[in-house]
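Dear colleague,

Please find the structure below, together with its sequence. A summary of the findings follows.

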Amino acid sequence: MPGTVIRKTVAIGILFIALAILPHFLKYHHQDFLIFLVINVLVVVSYRLVTLTGEWSLIHAVMMGVGAYGSALLSKQAGLSFWISFPLAGGIAAIVAALLCFPLFRMTQFYFLIGSFAAGEAIRLSWIHFIKPFGGTSGISAIPSPELLDIDFLEPIPYFYLVLIIVTICLFLLFRIEKSRIGLTLHAVHWKASLAESIGVNTWNYRSLAFITGSFFVGLAGALKVHYIGTVTPKQFDIGFMVFILIWVIVGGYRTFYGAILGAVVLSVLDEMFREFNELRPAIYGAILIFSILYLPAGLESLPQRLKRVFGRKDRQMERT
Amino acid sequence: MELFLQSIVNGTIQSGFFALAAVGLVLIFGVMGVVNFAHGELVMVGAYTVWFLHAQHNTPFLITIVIAISLVTVIGMLMEKFLFRPMRDDPLGGLICSIGVLFILQVAATLVGGDGPSKQVPPPFEGTMVLFDFLRIPYQRLFSIAVSIAALGLLWHFLTHTKLGWALRAVSQDREAASLQGINSNRISMIAIAVGAAMAGLAGALMAPLTNINPHMGHNVIITAFIVTIVGGVGSLSGAVIASVLYALYHTFVTTYFNGTVATISGLLIMVLVLIIRPTGIMGHRVSE
Amino acid sequence: MATHTQHPARRKFLKKAAAGTVAATTASVFPNIVLSANKTLTVGMNIPMTGDYAPWGLPGLYGCEIIANNINKEGGVTIGGETYDIKVASYDHGYDTEKALQGFKKLVLEDDASMIMMLGGSTVAAVLPWATRKKVLTTTLLPSDITPDSNYLVATCESHPLYNVTGVEWLARNFPDVKSAAIVTNNDAEYGLQSAATYQAAFEVAGIDVIDTHLHGFDVTDFAPIVSSVLAKNPDVFCMATSFYVTPIMEQLYHQGYKGKIISCTLDYYDEIIAKTSKEFVNGTIFQFPDFDDPKLQEAGVNFPDPAGFDAAFRKDHPNDWSAVAWEYPAILLNWLDAAKAAGSADSESVAATLKANKQEFVFGGGDWWGSQLWGLDNALVGRWPIVVIEDGKARIQEYGDVAGWLSNNKDVLVKHMKDLGLRTV
């Protein structure tokens, strides 16, 4: 047992170091791509926490926007530094999520899916409608970048390290939450809701807890994103982006922690590789989506095992002949 | 007063499109348990067919409507056969598949029509009917609402007066009980999606001369269809039709007397409210999970 | 109406697919490459080429390719003693801020572009801090993107929406009995609201009452309620500050029996509007964007080489794609080339300095730097702007209006209306 722990720690350590030196080998604009990718990893992992209880929401992208707008307004209107507005962004997203729990968690399944979509769209349209203070469709621009010593966070590599460190900490926390008693209860709420209730678990509380926690982390991700781009607009968090989150998690595999990460990374990299195809790109994406859901229902994460099984069988056949 | 009456006319005409789009969504969800995210794109394909055949190649309008309906029906049936049927036990899988179809159909439309400006179809029926000197109804819209009502009437007749329609309703109420009665649910699903897609194709064909046609037009259609579906009651066709009329009138009046964005935001909030107070909608029953 | 013309983007794709090349390049491939010993001078276009905003990007790329091709065929352009062929490198950001930032860096750092042309709005805001820091000369069609410290962002052609004042001034002069106006516009801050504020100011100056300003979102599928609501107030002028939904709005005006004057910022694809309504109905509509075969554009004082020839070349290659931006990006490119020649270098700092120091010839003549009163920096070039009216189903320039003159007399009115609509001013 200690052996596997050591091996896992070493593997994660190597991965971290590899990531840390990766941007130095990339083209300039791919450094930006990498920053957004790492942020999106936090988005999908936090989304997975919400889905642990079996409820698929369509409001996660908007909650990211709540954090983004929160941090943008706090740093521009109230003049707060990034180091204060950033954690507050998570807090704001969590508070909004807590308020939304009352209507949303009266619903389950399909009703929750559509209800969360409606609530999210209403919030997003409000950003467009109320030009003061949200700036309408053009949103808020000239959002200051973080200040620390003499580091220039407008440059991609310093900001990448900032993002990498923050996201790694968040992933670690999310991982601990999932493995804790709370996390196990969340799983129980999903798979054995009535049983969980019969032993005194209040499923409403746990669903809300997952939703609020997930929203907190995605709010942080939103703030990370807009303090780099310098601009926040309603379009960044529309249903189109929400659909991508959903796709990443499902194609990657929502049953494990790393499945969702795998989905975000593989699909984003594929998408970037297919840039050449311009207007054909979404169709390639759609085909991958359909193909993987039909033939890899457990997600990309199940691919190694399936390959092993296929090749294992062949090996055995060869042995026999 | 004149504005009030004109708004009723405007709202009624709009309700026809809402109803055609929503009825298909309800039928597919009710019978198959799948949220068809690509439903707006089915409407879009219907509109593109009319643009391509009628506006670009001078095919008579009425013939293009029939072709649009047939094409969209075939797309729907292919979706059922190759995507929704294998995913029958996994509603989430069905949803994801429909998102994949959504992307593919949007790209197909871009390939046919290009990435340029929105497409326009000159109205086949020109002119405007003027009633009492102030109520104005373009003949094109009059035609659309008449066809919409006829199509919905036909659907109602099919569901209530034919054996197949009865089977369809039985499956949407309780799939297992229906299969115990010897109803082949795969066949019923195929019919449900064919009818639902045909309605979407018709909605698109009727909308084509009246709106901006572009690959992304399905987005607005699906939002409206969701609202109408929820308010009317998931799985209830009559609920969807009633909700279409109510929502179209509501949206028209708020847009006329206040503002369109306010109309949409408040519409979404009403939908959330309905979900909280009466999750089954105004006419719905709980769909067995 | 043109029939079944294969779409250019698709043609490009098919050609590529046929050649079996999936080589990673977003630089546009010229149809006929001129072999020459010249060095290459790259200009970048970071624009939407797919999605909703594609009509305000793609036609500009086609236009710039025509201009670049013409220049290269004639032996290139000489800057600082060196002769260059011009290459247009493009990146499709699909009006997405993330992609706009990536594309901007790719064009500058990897494709070596000397100047970047953009559409404007949130995509420009996203690249602005970096562009200003790295001193990359960037152009926008929206002067409202200018900020007090955006020294390298210029709006040298379209000064959306300042030119709208000329149409209103002309209307008031020619139709003195017009007393009231209603404005309809989409509710986005970049295009619609800026334009609405400008029209409000122009109407106020012209002594016309604005009795309604109706803002709508991008989710409108039916304009009947909006048009009914506005027409119930009986305006003498119906004004469309928007450019996204002109066709369906015009159609509703026609069906609801509107008889008054119509003024609009743009009237793109007006032949389609005529097809959906009638020639008689569209005749007399006032707007701001000429066709380039207009006789008044061939006169002296217009700084665009052979407008009619450009118009013909464009419509031959891309019969369905002409929009206002088809000539605007080329005009920006030409203006920049002139400045680079004068500076003797394509370097952003020297071109920017030359642009600001020397008297600039605006595409329609005139040319004053303006903008500090609204946005904190004089980086928008304003000059004469045409007033266009549909006559017998064809767009015809009536005269050129004086934007700079109007602004110097009435800028306080404009600032007031911008502030009232919640728009950013200094």
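What percentage of the 289 residues in chain B is buried? Buried residues account for 61% of them, a residue being buried if 20 or more other C-beta atoms, placed from the backbone, lie within 10 Å of its own.

Please note that this is a predicted model, in which local features need pLDDT of at least 70 and side-chain atom pairs count only at pLDDT 80 or more, whereas totals for chains, interfaces and linings use all residues. Residues are numbered from 1 along each chain as its sequence is written, and chains are lettered from A and ligands numbered from 1 in the order in which they are written.

Chain B has 11 helices and 2 strands; helices (H or I, at least four residues) and strands (E, at least two) are DSSP runs, numbered from the N terminus. Their order from the N terminus is α-α-α-α-β-β-α-α-α-α-α-α-α. Strand 1 (residues 128-131) and strand 2 (residues 135-138) of chain B pair in the antiparallel sense over 4 bridges, where pairing requires at least two DSSP bridges. T128(B) stands opposite P138(B). The two strands form a hairpin with 3 residues between them, and F132(B) in the turn has a positive phi of about 50°.

The C-alpha atoms of chain B fill a box of roughly 60 × 45 × 35 Å along the principal axes.

The contact between chains A and C takes 26 residues from chain A and 30 residues from chain C, with residues in contact if their C-beta atoms, placed from the backbone, lie within 7 Å. Helix 2 of chain A gives the most to the chain A side, with 5 residues.

Yours sincerely

Conventions
Contact = placed C-beta atoms within 7 Å. Buried ≥ 20, exposed ≤ 12 C-beta atoms within 10 Å, placed from the backbone.
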